[in-house]
Amino acid sequence: MSLRTQIHHAIDDVAPPAPTLEHRVAKFVLADDKERRALAPRRRPAWHRQVRGGLMLVAAALVVALVGGLFVAGRLWRNENQPPPAISQAELKSLESRPLSYPNLAPGAPCPVTPKTLGPNGLFIGDAGDPVGIYDTEIYQSTDWGQWIEIAIGYSSTFAAAHPGLVLMRARDLHDSAQVVFANYPLAPTGISAVGPVLGHEHALDHDLKLRSEAVFHDVAHTPPLDKQGHRPELLVVVGLQKGSSGCIGFQFDGSGGTENLVVGF
């Protein structure tokens with residue numbers, strides 16, 4: 001029996017019908033060494049397997065990094081948009097639910113600025129009987145975004161003792177749709193905290209400011225002292241007026257003692 005016949009029978013015993021398989025096997029067996037090397041399947045070099053394994057590890061690391069990044073970003077967003085821990089979220093949400101009662105102005109109408117009153121600490125914007133007044137409004141800096149204003153708030157300690165709790169501060173441009181934002185005062189300790197959704201970030205007053213939609217404060221008596229002598233921080237906050245603002249800004253203060261509205265012209 002010839003070698004070709006033996007190959008033919010061996011293939012029939014171990015494999016299903018394959019029209020070209022017999023020819024390929026016979027050619028390989030009968031070929032010399034050089035021809036066999038040409039016919040044999042090429043093995044991938046070791047470096048190819050190493051590179052492939054390395055790429056798989058890199059892909060796995062990227063997936064882990066992506067999942068981790070999404071988790072961290074979610075926590076960052078949540079932390080940025082939550083009020084400080086010392087502020088009661090339930091009390092804040094209750095104050096936020098109160099309707100806004102800014103004056104409605106017709107186009108071109110003059111700004112109904114609240115008059116100034118002489119108080120124990122000097123002139124302030126507000127009536128003599130109002131528990132909240134604005135004592136100082138200094139335009140601190142102008143940037144490409146707009147104007148940055150330092151505002152000092154006065155709050156009657158007698159009124160606060162009778163009506164304890166948070167006071168929520170909100171603001172709106174009465175003549176324009178330009179944003180009015182709040183930011184924590186970065187130049188000194190303050191008893192006011194900017195809260196609400198984060199509306200953006202800007203660099204002003206030599207600091208990176210986180211822009212928020214509102215601010216809250218207690219009366220000074222309920223603000224933790226700065227030192228052993230009992231000195232307490234002022235009620236200071238940064239207000240940003242976006243470029244294009246009319247400068248006619250309505251402020252609303254909501255607390256357990258009621259609601260107060262003031263209008264300031266910048």
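**Exercise 1.** Does Phe217 count as buried or exposed, and at what relative accessibility?

*Solution.* The model is predicted: local features need pLDDT of at least 70, side-chain atom pairs count only at pLDDT 80 or more, and totals for chains, interfaces and linings use all residues. Residues are numbered from 1 along each chain as its sequence is written, and side-chain values use heavy atoms, with hydrogens and water left out.

Step 1. The cut-offs are under 20% relative accessible area for buried, over 50% for exposed, and partly exposed in between (1.4 Å probe, protein chains only).
Step 2. Phe217 has 1% relative accessibility and therefore counts as buried.
Step 3. Tyr155, at 13% relative accessibility, also counts as buried. In the protein, buried residues make up 32% of the 266 residues.

**Exercise 2.** Classify the ring pair of Tyr155 and Phe217, and locate both residues in the chain.

*Solution.* Step 1. A pair of aromatic rings is described by the distance of the centres and the angle of the planes. Rings of Phe, Tyr and Trp (its six-membered ring) pair if their centres lie within 6.5 Å; planes under 30 degrees apart count as stacked, over 60 as edge-to-face and the rest as tilted.
Step 2. The structure holds five aromatic pairs. In the pair of Tyr155 and Phe217, the ring centres are 5.6 Å apart and the planes stand at 80°, so the pair is edge-to-face.
Step 3. Tyr155 is in strand 4 (residues 146-155) and Phe217 in strand 8 (residues 207-217), so that this pair links distant parts of the chain, 62 residues apart. Strands (E, at least two residues) are DSSP runs, numbered from the N terminus.

**Exercise 3.** Which ring pair does Phe217 form with Phe253, and which residues make up the cluster?

*Solution.* Step 1. Phe217 and Phe253 are edge-to-face, with 6.5 Å centre to centre and 65° between the planes.
Step 2. Because Phe217 lies in strand 8 and Phe253 in strand 10 (residues 248-255), the pair ties together parts 36 residues apart in sequence.
Step 3. Ring pairs link Tyr155, Phe159, Phe217 and Phe253 into a cluster.

**Exercise 4.** Describe the surroundings of Asp254.

*Solution.* Step 1. Asp254 lies in strand 10 and is buried, with a relative accessible area of 0%.
Step 2. Its side chain makes a polar contact (N or O atoms within 3.5 Å, one able to donate a hydrogen and the other to accept it; residues adjacent in sequence count only if both atoms are side-chain atoms) with the side chain of Gln252, at 3.0 Å.
Step 3. Leaving aside residues up to four places away in sequence, Asp254 touches (heavy atoms within 4.5 Å) residues including Leu95, Arg98, Leu166 and Thr259.

Methods: Helices (H or I, at least four residues) and strands (E, at least two) are DSSP runs, numbered from the N terminus.
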